[in-house]
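Welcome, and please load the model in your viewer. We will go from one selection to the next and look at what is there.

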Amino acid sequence: MNGRTALVTGASRGIGSAIAQRFAELGARVLAPSRAELDLADDDSVDGYLADLQGPVDILVNNAGVNSLGAAAEASDEEIAETLHVNLVSPMRLARAVAPVMAARGYGRILNVSSIWAVVAKPRRFAYAASKAGLNGMTRTLAVEVASAGVLVNAIAPGFVDTELTRANNTRAELAAIVSGIPLGRLAQPAEIAELAAFLCSSRNSFVTGQVIVADGGYTCL
Ligand SMILES: NC(=O)c1ccc[n+]([C@@H]2O[C@H](COP(=O)([O-])OP(=O)(O)OC[C@H]3O[C@@H](n4cnc5c(N)ncnc54)[C@H](OP(=O)(O)O)[C@@H]3O)[C@@H](O)[C@H]2O)c1
């Protein structure tokens, strides 16, 4: 990643923080805007951030996400709108802005952090699952649009990662039950997701595009 500029959203903590750290170790210049600098719930903030960007972005990681749990009947208009905006609309708007610049320069990597809940069901993930399924669709379509220009677009679908999000959405007892259902017998560490992100976003990845790579310790194999 030497000489590459990488924009990683949601890098204040969790998976995004680990990705930003790993990319920096691999030589990238990492842009890791705080929510005050780039608020994905706010189109004006996204537009302002893009307008102020200094130089081209070679790697975009759409990592930031929200997951406020709720069944269909409980979901408010505001929760649906915020989840879809932060998790899907803003990642699409960021990708739309940077992909043509990457294509014109003949190199780019875009990675969307999706979720296993895009393809397998779990109650109370009504808006979240829809947002991540949309991200998977966007990944595939964009990948085939920009492939010939040397831009590779993929997604990672983590299972359970040991982050604040996971701890906020599951009680200790629920986490113990979850771990017992993961063939590897534990949650993922953010650094393990970052390692996969690093490969997919590096020049070593030269032929994987349009894919949603599941990293769940075997959870969805059962
Ligand atoms: N943890 C898991 O088990 C798991 C599993 C599957 C998929 N994922 C996905 O992985 C990604 C990262 O998850 P995580 O567990 O690392 O989450 P996390 O610890 O809750 O961190 C979320 C990150 O997103 C940022 N963010 C939230 N709303 C934002 C907004 N409106 N504008 C800009 N940034 C915003 C947060 O910034 P602030 O610090 O400002 O709040 C934070 O940096 C998410 O897309 C999530 O859906 C996670």
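Helices here are DSSP runs of H or I with at least four residues, strands are runs of E with at least two, and both are numbered from the N terminus. This is a predicted model: local features need pLDDT of at least 70, side-chain atom pairs count only at pLDDT 80 or more, and totals for chains, interfaces and linings use all residues. Residues are numbered from 1 along each chain as its sequence is written, and side-chain values use heavy atoms, with hydrogens and water left out.

Start by selecting Arg93, which lies in helix H3. Arg93 is buried, with a relative accessible area of 16% (buried is under 20%, exposed over 50%, partly exposed in between, using a 1.4 Å probe and protein chains only). Show its side chain together with that of Asp47: a polar contact of 2.8 Å joins the two. A polar contact is a pair of N or O atoms within 3.5 Å; within protein, one must be able to donate a hydrogen and the other to accept it, and residues adjacent in sequence count only if both atoms are side-chain atoms. Leaving aside neighbours within four places in sequence, Arg93 is also in contact (heavy atoms within 4.5 Å) with Asp43, Val46 and Leu50, among others.

Next, select helix H2, residues 43-52. Which of the residues of H2 are buried? They are Ser45, Val46, Tyr49 and Leu50. Seen down the axis of H2, these fall within an arc of 130° (taken from the directions from the helix axis to the C-beta atoms), so they line one face of the helix. Their cover includes strand E1 (5-8), strand E2 (29-31) and helix H3 (77-105). Turn to the other side of H2 to find Asp44, Ala51 and Asp52 exposed.
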